[in-house]
Amino acid sequence: MAGMTDRVQCSPPRCVWVNGPIIVGAGPSGLAVAACLKEHGVPFVILERSDCIASLWQKRTYDRLKLHLPKQFCQLPKVPFPDDFPEYPTKKQFIDYLESYAQHFQIRPRFNQSVQSARFDEKCGLWLVRTEGSGTAAGSRSHEVEYISRWLVVATGENAEKVVPELEGLGEFGGDVMHVCDYKSGEAYRGKRVLVVGCGNSGMEVCLDLCDYGAFPAMVVRDSVHVLPREVLGKSTFELAALLMNWLPLWLVDKTLLVLSRLVLGNVEKHGLRRPSTGPVELKNTKGRTPVLDVGALGKIRSGDIKVVPGIKRFTPAKVELVDGRILHIDSVILATGYRSNVPQWLQGCDFFSKDGFPKTPFPNGWKGQCGLYTVGFTRRGLSGVSSDAARTADDIGRMWKEELKLARRPIACHGRCISQI
């Protein structure tokens, strides 16, 4: 019996030839490139590790979340948001939009397919993408598949994995600790003292939500941060910045935004929110650090409902010691410490991506690598960057696909171990 088990475990996975590209990820990036490929008549396969599209939005976001930018900057290619949607759609509205988008283009991802590795085989000139299925039989070899194609589209996005920092004594704290990806609302925190670690858009909005439910949040602001008004004189700050970039140099755009921010929000530094020396647009473009667009948290900071505290030195049971020596008694900790790309964990033998999981080639040329490798959603420019990448990728693959159709009389060079085609 042991020998038979060993033979089963050593058997190779089932191989599947994909006529078009393999797309890894069924979030907005994967859906966008799939829709554009449909327009070119190119077949594809989308591999998604979760059991739904846009799993980050559906399973790892808080209830009060809305799009931070106006809807016209967040729509995917070919299909705009419905006219009756508000300027800043809610989480549910955005998910409904994505669901209808997938249905409109008849996009059917292969769910519960977690990519374990992807590598380019130079001998046969093909991408080999190995997946493992999930569920009760996840460990069986019948759930391991190797997909084979000429093209690979990496669409897992910038926020595939949560970032959990190492904080001294956190294991001894004893209270409730969660990452913001598991936070839904402040209902469970009524009357509690909550330490929110992180001051980005998520940290600010979670603090605001906690206040609305009668909790007492303290927000850790370790680094400098740009806080901008979401709108200036009724116009989106993002839209204003994009307009100014057409006429002014980057440094002057940043200067203008900071002056307008000071006029609208006042001096935020006196509330413990130090501004970086680099301007907000330049910092976003070079480091990927998104400025906070205020939706009400700053008013709670001014009133004292949200306390701003410096970095953490260590945790002790039911307490936290700050770097300035103060000790806070707290009941819960929420880590609003962000997300990161997971590409280095599964993409093998490829130096197109850096260690942080982003293309080494800067925008706007980071969408295409060598040997049929493409990326969608790694521009650090949100959903507007997704649409640009998707269109370029689909146009490039579509061109090659049409050239091959002219030579379609020849048989497809299928990988030697393939037992099926899609």
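Analyst: A residue is called buried when its relative accessible area is under 20%, and exposed when it is over 50%. The model discussed here is a predicted one.

User: What makes S50 count as buried?

Analyst: The relative accessibility of S50 is 12%, and the cut-off for buried is under 20%; S50 therefore counts as buried. S50 lies in the loop between β3 and α3. Beyond its neighbours within four places in sequence, S50 contacts S55, K59, F111 and N112.

User: Why is K78 called exposed, and where is it placed?

Analyst: K78 has 52% relative accessibility, and exposed requires over 50%, so K78 counts as exposed. Its place is in the loop between α3 and α4. K78 also has a positive phi of about 80 degrees, although it is not a glycine. Most residues other than glycine have a negative phi.

User: Is R380 buried or exposed, and how do you know?

Analyst: R380 has a relative accessible area of 19%; the limit for buried is under 20%, so R380 is buried. R380, in the loop between β22 and α11, is not a glycine and has a positive phi of about 60 degrees.

User: Why is the pair of Y97 and Y101 called tilted?

Analyst: The rule for aromatic pairs gives a count of 15 in this model. For Y97 and Y101, the ring centres are 6.0 Å apart and the planes stand at 45 degrees. Pairing requires centres within 6.5 Å, and stacked means under 30 degrees while edge-to-face means over 60; the pair is therefore tilted. Because Y97 and Y101 are 4 residues apart in helix α4, about one helical turn separates them.

User: What makes R381 a charge over the ring of F363?

Analyst: R381 lies over the face of F363, at 3.8 Å from the ring centre, and the distance limit is 6 Å. The peptide bond from F363 to P364 is cis, with omega near 10 degrees.

Notes:
Residues are numbered from 1 along each chain as its sequence is written. This is a predicted model: local features need pLDDT of at least 70, side-chain atom pairs count only at pLDDT 80 or more; totals for chains, interfaces and linings use all residues. Side-chain values use heavy atoms; hydrogens and water are left out. Helices (H or I, at least four residues) and strands (E, at least two) are DSSP runs, numbered from the N terminus. A charge sits over a ring if NZ of Lys or CZ of Arg is within 6 Å of the ring centre and within 35 degrees of the ring normal. Buried means under 20% relative accessible area, exposed over 50%, partly exposed in between (1.4 Å probe, protein chains only). Contact means heavy atoms within 4.5 Å.
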